[in-house]
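Subject: Structure handover

Hello,

Here is the structure I promised to pass on. My notes on it follow below.

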Amino acid sequence: MARAAKPELTPEEAKNWRLAKLFDLRSFIGALLLIFGVLVIIPGIVAGKATIDKSAGINLSLWIGGLMLVMGAFFVTWILLKPPPPVTTAEMEAARKAREEFGTQGPPTH
Amino acid sequence: MTLTVAVSEPLAAGLRLSLAPLDYTLLVIYFIFVIGIGFALRRLVQTSTDFFLSGRSLPSWITGIAFISANLGAIEILGMAASGAQYGVSVVHYYWIGAVPAMVFLGVVMMPFYYGSRVRSVPEYLLRRFDRKTHLVNAIIFVLASVLIAGVNLFALAAVLESLLGIPLAIAIVASALFVLSYILLGGLSSAIYNEVMQFFVILLGLVPLIIVALRETGGIHGLFSKLATQGTAFTHPWAGTGLGGHNPFGDWIGIVFGLGFCLSFAYWTTNFAEVQRAMSAKDEANARLTPIIAAYPKAIIPFATVIPGMAAILLIPGLGTAGGLTFTDAIPALMNKYLPVGVLGVAVTGLLAAFMAGMAANVSSFNAVWTYDIWQNYIRPGRPDSYYLRVGRITTAVGVFIGIGTAFIAAGYNNISNYFQALFSFFNVPIFVAFIVGMFWRKAGRGSGFWGLIVGTAFSFGTWVLYKLGVIHFRSDIAETQWGAIFGFLAGGLAMAIATIWSKPKPISELKGLVWGHAVRDPETVGKKPPRYKSPLLWGIGALVLSALLYVYIEVV
């Protein structure tokens with residue numbers, strides 16, 4: 001479910017949210033697989049008999065290219081339907097403080 | 001460090017892949033993505049926790065795939081296929097009994113102690129549970145092992161680049177190292193993890209067509225096995241000849257079940273920080289526990305993409321493994337070259353190179369965390385602000401990569417050094433696991449007992465190996481020796497801990513909160529939120545075990 005932007009998001013926060021969606025791992029994988037899929041499926045479409053015979057009579061380019069397009073589409077759909085939630089600057093600051101504390105927690109007392 | 005059959009053969013010089021411009025294009029696009037991810041994640045690295053543990057923010061599907069991917073390096077892929085070609089289907093023991101049970105145990109039983117106690121690394125657990133001696137020994141061994149193994153990985157990658165693509169070795173070593181360095185410096189562990197997930201899909205898309213073609217050419221798994229019947233029963237039946245006195249090179253069933261399935265496998269999967277780090281970077285305890293369990297499913301399937309094509313390669317690649325022909329390690333690249341069309345071949349080669357880089361990146365990104373948090377922050381410069389440790393982490397990364405480059409050049413000069421490193425560090429794995437398992441389940445194990453478990457256990461593992469090499473004691477194969485050496489190391493280490501506890505006082509309960517059985521501390525994020533049944537680690541864990549058992553049955557009856 002796509003969540004509507006919180007109305008109180010500042011322009012800065014809205015920009016951060018856009019970046020968070022763009023730089024989500026699912027966006028990278030989706031884009032990579034779509035590009036790979038197109039590049040791999042083209043030789044499959046124009047494949048001659050010699051190419052297909054090389055791979056035991058299977059048009060591998062067509063199948064693997066197609067599979068990559070389907071998987072790429074899956075990741076892109078997933079990020080569009082379930083984007084990361086928006087985070088306000090205050091929440092971000094609190095989370096950063098907690099992580100800072102976690103990184104510097106002292107050695108145990110004994 | 002991986003848990004595999006040691007494979008010493010290099011690739012044969014004669015195998016050069018014939019890549020078309022399209023294949024190179026795919027390779028270049030992939031590596032642009034890798035660097036792009038580094039730049040995209042740079043703004044998210046604000047604290048040392050972000051750099052070393054991805055800010056403890058990732059969902060379990062990402063950490064789970066990264067968990068398996070950190071293990072699915074190219075050495076694993078080429079090595080397991082080579083072992084499949086050499087020894088046959090018994091190699092599946094390294095997956096179904098030598099990996100899946102340990103991964104399930106990590107997720108179901110051990111992860112709450114790692115995540116709930118808020119330790120930041122595996123050695124840090126030993127510091128809290130035992131004392132500084134135990135901690136320092138574990139941290140130093142880990143740091144040395146990861147940086148040297150990173151160098152070995154780097155050399156292996158460069159050797160493949162040289163052999164398959166014709167890139168000169170020295171250029172390949174330096175260029176790949178700088179590449180890994182730049183993306184980890186930019187995005188820290190998140191960079192490494194994102195790339196591991198991307199690499200997972202690419203390498204699978206490169207291996208899937210190989211399985212399809214190899215099985216079609218040999219008449220399916222049934223046809224393949226009946227054609228290989230000439231190689232002996234044990235070649236197609238993993239449990240044949242595993243009785244005491246049998247001849248299966250993978251050893252007897254005691255060694256396989258307790259040596260490999262318990263001692264070696266649990267030691268590797270539950271205490272190797274390069275793996276556990278991925279689970280620790282999950283966003284809460286529930287996701288951390290699911291991480292290794294999600295990874296167990298692909299782990300159970302992967303032998304069909306490594307061992308089976310390796311076995312098929314004996315029939316499909318003439319002269320494989322014979323004097324003057326291609327080596328067993330060539331099985332996968334030779335199949336790729338023979339069967340994959342332009343484009344698909346590019347994807348497969350990209351996946352293979354990405355797998356090498358991911359292997360090295362996993363070593364580097366766990367090395368820098370242990371060095372910074374465990375050694376620098378504890379013993380050298382404690383009490384500085386977080387930004388200081390983030391800087392130390394970045395410098396450490398660079399230093400680690402440069403030591404790795406040096407190691408790679410040494411490995412290039414001395415052929416067998418990689419095997420010596422692997423052998424050397426393998427003596428420590430099981431004793432470290434003894435300290436963990438005894439410390440976790442026996443609350444009264446004394447403060448100083450962990451150290452003695454480590455020392456005595458290592459001495460016994462090492463001693464078994466020395467006596468075997470001298471011919472004083474006999475095992476049916478080197479593989480069987482590692483299993484029995486692990487069992488002896490485990491028992492001796494455990495006994496040493498029990499004896500040491502007589503004069504080393506147990507820690508008071510107040511110091512053991514969250515560290516020992518019966519005193520677990522739940523992650524506050526998880527308390528009160530019972531995860532839905534379909535996210536139950538126990539349920540999914542049992543599922544993975546059942547799957548492994550069914551796969552054994554399938555391979556036996558096919």
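The contact between the chains takes 34 residues from chain A and 41 residues from chain B. Two residues are in contact if their C-beta atoms, placed from the backbone, lie within 7 Å. On chain A, helix 2 (25-45), helix 3 (49-54), helix 4 (60-81) and helix 5 (89-104) each supply at least two residues of the side that touches chain B. Helix 2 of chain A gives the most, with ten residues. By class, this side of chain A has 22 nonpolar, eight polar and four charged residues. Ala, Val, Leu, Ile, Met, Phe, Trp, Tyr, Cys and Pro count as nonpolar, Asp, Glu, Lys and Arg as charged, and the others, Gly among them, as polar.

Two points on provenance. This is a predicted model, where local features need pLDDT of at least 70, side-chain atom pairs count only at pLDDT 80 or more, and totals for chains, interfaces and linings use all residues. Residues are numbered from 1 along each chain as its sequence is written, while chains are lettered from A and ligands numbered from 1 in the order in which they are written.

Chain A

Chain A has five helices and zero strands. Helices (H or I, at least four residues) and strands (E, at least two) are DSSP runs, numbered from the N terminus. Of the 110 residues of chain A, 24% count as buried. Buried means 20 or more other C-beta atoms within 10 Å of the residue's own; exposed means 12 or fewer, partly exposed in between, with C-beta atoms placed from the backbone. Take the contacts in chain A between residues at least 6 apart in sequence: 74% join residues at least 24 apart.

Chain B

Chain B comes to 22 helices and zero strands. Of its 558 residues, 61% count as buried. Its C-alpha trace spans about 65 × 55 × 50 Å along the principal axes. A compact globule of 558 residues would have a radius of gyration near 24 Å; chain B has 23 Å, which agrees. That radius is taken over C-alpha atoms, and the globule rule is 2.2 Å times the number of residues to the power 0.38. For contacts in chain B between residues at least 6 apart in sequence, 83% join residues at least 24 apart.

Helix pairs in chain B

The axes of helix 9 (residues 169-218) and helix 18 (residues 386-413) of chain B come within 10 Å and cross at roughly 160°. That makes these two helices of chain B roughly antiparallel. Axes are lines fitted to C-alpha atoms, for helices over the stretch in contact, and angles run from 0 to 180 degrees between N-to-C directions. Angles under 35 degrees count as roughly parallel, over 145 as roughly antiparallel, 65 to 115 as roughly perpendicular and the rest as oblique. The residues of this contact divide into 14 nonpolar, two polar and one charged.

Helix 13 (residues 273-280) and helix 14 (residues 285-301) of chain B pack at about 135°, with their axes 8 Å apart. They are therefore oblique to each other. Arg278(B), Ala279(B) and Met280(B) in helix 13 meet Ala288(B), Thr291(B) and Pro292(B) in helix 14.

One residue to look at

Glu196(B) is found in helix 9 of chain B. With 29 C-beta neighbours inside 10 Å, Glu196(B) counts as buried. Beyond its neighbours within four places in sequence, Glu196(B) is in contact with Ala66(B), Ser69(B), Ala70(B) and Ala358(B).

Best wishes
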